[in-house]
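Colleague: I have a model open and want to learn how to read it. Could we go through it feature by feature?

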Amino acid sequence: MQRYNILWADDEIDLLKPHILFLENKGYDITPVNSGTDALEKVEELPYDVVFLDENMPGMSGLETLNQIKTVRPGLPVIMITKNEEELIMEEAIGAKIADYLIKPLNPSQILLSVKKILDNKRLITEKTNLSYQQEFRNISMAFQDDMDHEEWIDIYKKLIYWELEIDETENKSMAEVFNMQKEEANSQFSRFIKNNYESWLNDPDADKPLLSHQLMKKKVMPEVGQGVPVFLLVIDNLRYDQWKIIEPVISEYFNVESEEAYYSILPTTTAYSRNAIMSGLLPSEMAEKYPYLWVGEDEEEGKNNAEDKFLEKQLQRMNQKIKFSYHKVKKIQEGKHLVDNIRNMMNNDLNVIIYNFVDMLSHARTDMAMIRELAPDESAYRSITRSWIDHSPLLEALRNIAELGGKLMITTDHGTIRVRKPFKIIGDRNTNTNLRYKQGKNLGYADEDKVMQVLRPEKLFLPKTNVSTTYVFATEDQFFAYPNNYNYYVNYYKDTFQHGGVSMEEMIIPIISLNSKYGR
């Protein structure tokens with residue numbers, strides 16, 4: 001039976017020993033600390049299910065500690081305990097999204113009940129969220145003026161996602177328009193950053209560079225393999241960072257998040273390029289040159305990701321990794337059910353790679369099916385469908401089985417996706433690829449070169465060339481390419497759909513999460 005962990009912070013913690021013993025007898029594990037600073041350190045180090053927090057502590061006050069805890073672990077319930085019945089203190093604590101508010105002197109039943117319930121006050125949360133975002137708005141905007149590096153851009157993107165999700169939970173979403181304007185400005189600056197730095201990441205050994213798709217297996221996954229616990233690498237195709245944050249609470253029922261990091265997808269941000277790069281450990285032109293019998297070019301009609309398992313095998317061979325591994329691709333619900341049945345057998349492998357294509361199919365279905373377009377008219381609804389999917393997908397049962405059997409789980413994706421709104425006219429011949437966020441071919445014609453990322457020498461970005469005059473062009477921000485003929489059709493059909501392949505924070509900055517089972521082995 002799973003036991004729950006409670007962190008109790010009170011400068012008079014020794015006087016609360018009877019209450020602690022009562023809760024321990026009820027099956028709870030209590031960690032006592034006597035200051036806000038110690039509480040914050042514990043929260044950063046270990047996962048807890050709930051925090052009891054004394055409001056009146058010397059040094060870092062209870063409210064200051066509460067704000068710090070919410071920054072580190074936004075979803076962690078905090079119960080404020082105080083002798084102070086002043087209304088202003090109560091409102092400030094409730095506005096900061098505490099789970100409950102208890103007045104001393106305490107009694108055991110009151111404490112037990114508080115653990116089991118959550119109080120919510122929508123109005124105060126909305127007021128607190130709007131006020132806090134207004135205070136943070138200026139700090140984020142000021143950061144755009146600096147010459148930020150790749151790590152700082154990850155931090156900015158995570159902050160934006162945090163506020164997007166917070167504003168989405170408010171009553172009338174009154175700050176949504178202001179937020180969307182700030183996010184657009186962020187993507188404009190980010191696109192400029194990528195245009196200025198991406199080539200040096202691939203060519204300059206001394207450049208300050210992020211982790212990229214082709215380095216993911218070697219630098220993040222393989223160090224976890226061979227440690228006595230089977231590793232399950234789950235690649236959910238097309239999973240944005242905000243979608244991860246939406247499904248995180250579901251998965252956290254069975255796993256503790258050991259680390260939550262981000263890396264950058266290579267360009268183009270499509271499955272054919274970025275996921276093959278993950279599996280092969282190579283950049284696109286290197287795959288085409290080293291394994292021409294596995295690489296499928298833009299000018300070929302067959303599927304572009306049918307050799308992922310072979311690319312993975314080749315990468316493991318190059319790393320001299322003589323391990324037992326398996327590869328599974330799930331595109332249909334029946335394949336997901338088969339995966340559930342196979343988890344116990346997979347525990348005999350050192351590494352199990354699982355490709356789950358549902359989110360990718362959802363984004364494409366949203367483009368092609370009127371019903372999905374109605375269900376997911378914006379990012380909030382798109383996230384909601386993602387959450388509903390994980391709740392009812394065979395994947396959740398598979399993850400529960402992995403946790404119960406004590407497996408190590410890593411979750412990532414190959415690229416994200418962005419809702420496109422601004423058409424950009426482009427001309428190409430009949431051999432030009434059909435992706436709406438990047439074009440590859442010869443004789444590409446377009447105006448406003450500054451509004452896109454053009455690549456006249458693909459070899460500098462390690463991109464294959466189907467002929468000597470092949471060039472690439474990438475849409476930036478929330479643009480999508482449309483041909484002058486049938487222009488109105490393209491605009492009406494594809495505007496406000498989710499696409500990938502280009503340059504944006506949503507497509508390029510993507511999660512890599514390491515999780516440990518709550519059940520152990």
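Modeller: Start with the term helix: helices (H or I, at least four residues) and strands (E, at least two) are DSSP runs, numbered from the N terminus. Gln 134, for instance, is found in helix H6, residues 122-144. This is a predicted model, where local features need pLDDT of at least 70, side-chain atom pairs count only at pLDDT 80 or more, and totals for chains, interfaces and linings use all residues. Residues are numbered from 1 along each chain as its sequence is written, and side-chain values use heavy atoms, with hydrogens and water left out.

Colleague: Is Gln 134 buried, partly exposed or exposed?

Modeller: Buried means under 20% relative accessible area, exposed over 50%, and partly exposed in between (1.4 Å probe, protein chains only). Gln 134 has a relative accessible area of 43%, so it is partly exposed.

Colleague: Now the backbone. Which peptide bond joins Lys 104 to its partner, and is it cis or trans?

Modeller: Lys 104 and Pro 105 are joined by a cis bond, with omega about 0 degrees. Pro 105 lies in the loop between strand E5 (100-103) and helix H5 (108-116). Another cis bond runs from Leu 267 to Pro 268, with omega near -10 degrees. Pro 268 sits in the loop between strand E7 (255-264) and helix H11 (271-280).

Colleague: How do I read aromatic pairs?

Modeller: A pair of aromatic rings is described by the distance of the centres and the angle of the planes. Rings of Phe, Tyr and Trp (its six-membered ring) pair if their centres lie within 6.5 Å; planes under 30 degrees apart count as stacked, over 60 as edge-to-face and the rest as tilted. The whole structure holds 30 aromatic pairs. Tyr 157 and Tyr 241 have ring centres 6.3 Å apart and planes at 70 degrees, so this pair is edge-to-face. It links distant parts of the chain: Tyr 157 is in helix H7 (residues 150-168) and Tyr 241 in helix H10 (residues 241-251), 84 residues apart. Both tyrosines, Tyr 157 and Tyr 241, are buried.

Colleague: Which residues form one aromatic cluster?

Modeller: The members are Phe 144, Trp 153, Phe 190, Phe 193, Tyr 198, Trp 201 and Tyr 264.

Colleague: And sheets?

Modeller: Strands of a sheet pair through backbone hydrogen bonds, either parallel or antiparallel. The criterion for pairing is at least two bridges found by DSSP between two strands. Here, an open sheet of 6 strands has the order E7-E18-E10-E6-E9-E8, with mixed pairing. E7 and E8 are the edge strands, each pairing on one side only.

Colleague: How many bridges join E8 to strand E9?

Modeller: There are 6, and E8 and E9 (residues 351-356) run parallel. His 328 stands opposite Ile 354 in E9.
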